[in-house]
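This report describes the fold, the packing and the surface of one protein chain. Please consult the sequence and the model alongside the text.

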Amino acid sequence: MAEFTADLLPEDQPRYLMGVGTPEDLIESVARGIDMFDCVMPTRNARNGCVFTSEGKLVIKNARYAKDERPLDPLCGCAVCRRHSRAYIRHLFVAREMLGGILATHHNVYFYLDCMAKVRHAIRSGTFGELRSRVRAGS
């Protein structure tokens with residue numbers, strides 16, 4: 001529907017899509033002509049302990065992260081990933097500390113902004129198709 005609708009809109013105007021979703025969804029929507037997005041997914045998921053990473057979604061509340069000293073995403077440059085471990089953030093969620101959701105939200109918003117910066121760079125450099133293929137392949 002995004003592709004069909006985008007084709008009906010004027011090419012010289014921004015094309016806005018509300019309520020879509022995952023980083024993969026954003027890249028697919030860009031491929032179909034969408035320019036701007038608005039979605040609660042990164043913040044809502046973060047408040048519930050789900051973070052987006054270069055390795056896929058991670059539910060930080062899971063017990064397997066109790067002693068995991070790695071950052072949420074080893075490839076992420078956000079302040080959360082530079083300073084805090086998965087174990088610490090998991091502890092915050094288990095202890096019902098608000099800081100857990102705050103840190104996860106910070107990370108997810110950074111991750112989404114970084115994803116879209118990569119999309120813009122790929123469009124400018126003519127490599128968007130390659131980026132899209134890598135994301136589809138999960139790498």
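## Overall architecture

From the N terminus, the elements of the chain follow the order α-β-α-β-α-β-β-α-α-α-α, a total of seven helices and four strands. Helices (H or I, at least four residues) and strands (E, at least two) are DSSP runs, numbered from the N terminus. The model is predicted, and local features need pLDDT of at least 70, side-chain atom pairs count only at pLDDT 80 or more, and totals for chains, interfaces and linings use all residues. Residues are numbered from 1 along each chain as its sequence is written, and side-chain values use heavy atoms, with hydrogens and water left out.

The C-alpha trace spans about 50 × 25 × 20 Å along its principal axes. The accessible surface of the chain is about 8,600 Å², and 54% of that surface belongs to carbon and sulfur atoms; areas come from the Shrake-Rupley method with a 1.4 Å probe, and for residues only the protein chains shown count as cover. Of the 139 residues in the chain, 39% are buried, where buried means under 20% relative accessible area, exposed over 50%, and partly exposed in between (1.4 Å probe, protein chains only). Among contacts (heavy atoms within 4.5 Å) with a separation of 6 or more, 46% are between residues 24 or more positions apart.

## Helix α2 and its cover

Helix α2 comprises residues 23–31, of which P23, L26, I27, E28, S29 and V30 are buried. The cover over the buried residues of α2 includes strands β1 (16–18), β2 (36–38) and β3 (50–53), together with helices α6 (98–125) and α7 (128–137). After α2 comes G33, with a positive phi near 105 degrees.

E28 belongs to this helix. E28 counts as buried because its relative accessible area is 17%. Beyond its neighbours within four places in sequence, E28 is in contact with R132 and R136.

## The β3–β4 hairpin

Strands β3 and β4 (residues 56–59) run antiparallel and are joined by four bridges; two strands pair if DSSP finds at least two bridges between them. The hairpin between β3 and β4 passes through two residues, and C50 stands opposite V59 of β4.

In a regular strand, side chains alternate between the two faces of the sheet. In β3, C50 and F52 point one way, whereas V51 and T53 point the other way, and all are buried.

## Nonpolar cores

The largest nonpolar core has 15 residues, and L58, I60, L72, V80 and I89 touch the most other members. A nonpolar core is a set of buried Ala, Val, Leu, Ile, Met, Phe, Trp, Tyr and Cys residues joined through side-chain atoms within 4.5 Å. Helices α4 (79–83), α5 (86–94) and α6 each supply at least two residues of this core, and α5 gives the largest share, three residues. Apart from this core lies another, of 12 residues, among them V30, Y112, C115 and L131.

With residues up to four places away in sequence left out, I60 touches G49, Y65, L72, R86, I89, R90 and F93.

## Helix α5

The buried residues of α5 are R86, A87, I89, R90, L92 and F93, and their cover includes α3 (41–47), β4, α4 and α6. I89 lies in this helix and is buried because its relative accessibility is 0%. I89 and K61 are 28 residues apart in sequence, with a C-alpha to C-alpha distance of 8.4 Å. Just after α5, R96 has a positive phi of about 60 degrees.

## Surface patch

Y88, M98, L99 and I102 form a nonpolar patch on the surface, with about 400 Å² of accessible area together. Patches are made of residues with over 30% relative accessible area and no salt bridge, with like charges joined within 9 Å and nonpolar side chains (Val, Leu, Ile, Met, Phe, Trp, Tyr) within 5 Å; a salt bridge is a side-chain nitrogen of Lys or Arg within 4 Å of a carboxyl oxygen of Asp or Glu. Helix α6 contributes the largest share of the patch, three residues. L99 is found in α6 and is partly exposed because its relative accessible area is 34%.
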